[in-house]
Amino acid sequence: MYHPVSEFIHYSTIALTVGITSIGVGIGEGIASRAALDAMNTQPRASGNIMRAAILGMALIETAAIMGMVISIMLLLGTRTVASGFYADLAELGIAFAICISGMVLGFVSALPAREACFAIARQPFFAQHIMRFMLITQSLLQSPIIFGFIVATIIKYQSVNATTLSDSLRLISSGLCIGLGSVGPAIGLALFAQSACHGLGSNPRAYNKLFSFTLISQTIIETPIIFAFVISMALLFLVPTTNISDIYAIALLAAAISTSIGTVGPGISSGRTAASACHQIALNPESHSILSRISMFAQGLIETCAIYAVLISFLLIFSQ
């Protein structure tokens, strides 16, 4: 029979995975809905386009909740073995970290570009289709943290059944913590930039082409820290021995996850704010697009080096044994 504590951990993971992500998504959809109503009140003639933008935006905001629900169903219907017991269920906390943290943050911040797109359409009703297209692109790229979290959570789910020691559990928990906490900074940075880009279109539709090219490049740079976190998570899942792990080495693996996950927060937010400022200036002065883009990308490149330092330390900790 399963131990009561083991059962509690297992079913709490299921509940938290869908519940916490729903908190962020619910708040985000509320923000987008209120923005749509305010925008329609400002520009009633554009009500149809504003409503379509809000619905599309909320559909993308819903991504985090859908991912959480899928993982919860997988945990609920998946096969459990009595032989693994407590440590297998303890390892599932990595799934909660991977989905809950990234899902809650992403659900909330995904509302920022949707909110700004509604106001942009109210200001530029004849440019609504371009604004909606732009919002969909930026919001789609914004979902990458929860997608990475879903991949890591799925792998943890299938590896957790073989966890028979505390060290095994810590390795899987570390992987989930790395991708979950490591997605916070890049998600916020991407949202701030997407919000600024949509605002820029509402201020100056003539800058669309320049903002579009700048957006694709900048969002790729802002996403770099989450890719670093994903690489470390994969290393913890596949490059670390899965048997005979000492407790000291397991603690080193947890430290590696913390190093990268915390090390991505500042660079992710700062890179997004830098690109957002450049985006605002490009909307005001499209003729200065080239110089503003170069300065922004150079600054973002320097900012990303902070995350690289954290990743290097993580690799040293992972391969310290």
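## A buried serine

A residue counts as buried when its relative accessible area is under 20%, as exposed when that area is over 50%, and as partly exposed in between, with a 1.4 Å probe and protein chains only. Because its relative accessibility is 0%, Ser233 counts as buried. Ser233 is in contact, meaning heavy atoms within 4.5 Å, with Val152, Ser175, Cys178 and Ile179, once neighbours within four places in sequence are left aside.

## About the model

This is a predicted model, in which local features need pLDDT of at least 70 and side-chain atom pairs count only at pLDDT 80 or more, while totals for chains, interfaces and linings use all residues. Residues are numbered from 1 along each chain as its sequence is written, and side-chain values use heavy atoms, with hydrogens and water left out.

## An aromatic pair

Rings of Phe, Tyr and Trp (its six-membered ring) pair if their centres lie within 6.5 Å, and planes under 30 degrees apart count as stacked, over 60 as edge-to-face and the rest as tilted. The whole structure holds 8 aromatic pairs. In one of them, the ring centres of Tyr208 and Phe212 are 6.0 Å apart and the planes are at 25°, so this pair is stacked.

Tyr208 is buried, with a relative accessible area of 12%, whereas Phe212, with 26%, is partly exposed. Together with Phe127 and Phe134, Tyr208 and Phe212 form one aromatic cluster.

## Contacts of Leu211

With its neighbours within four places in sequence left aside, Leu211 is in contact with Phe134, Ala197, Gly200, Leu201, Cys279, Ile282 and Ala283.
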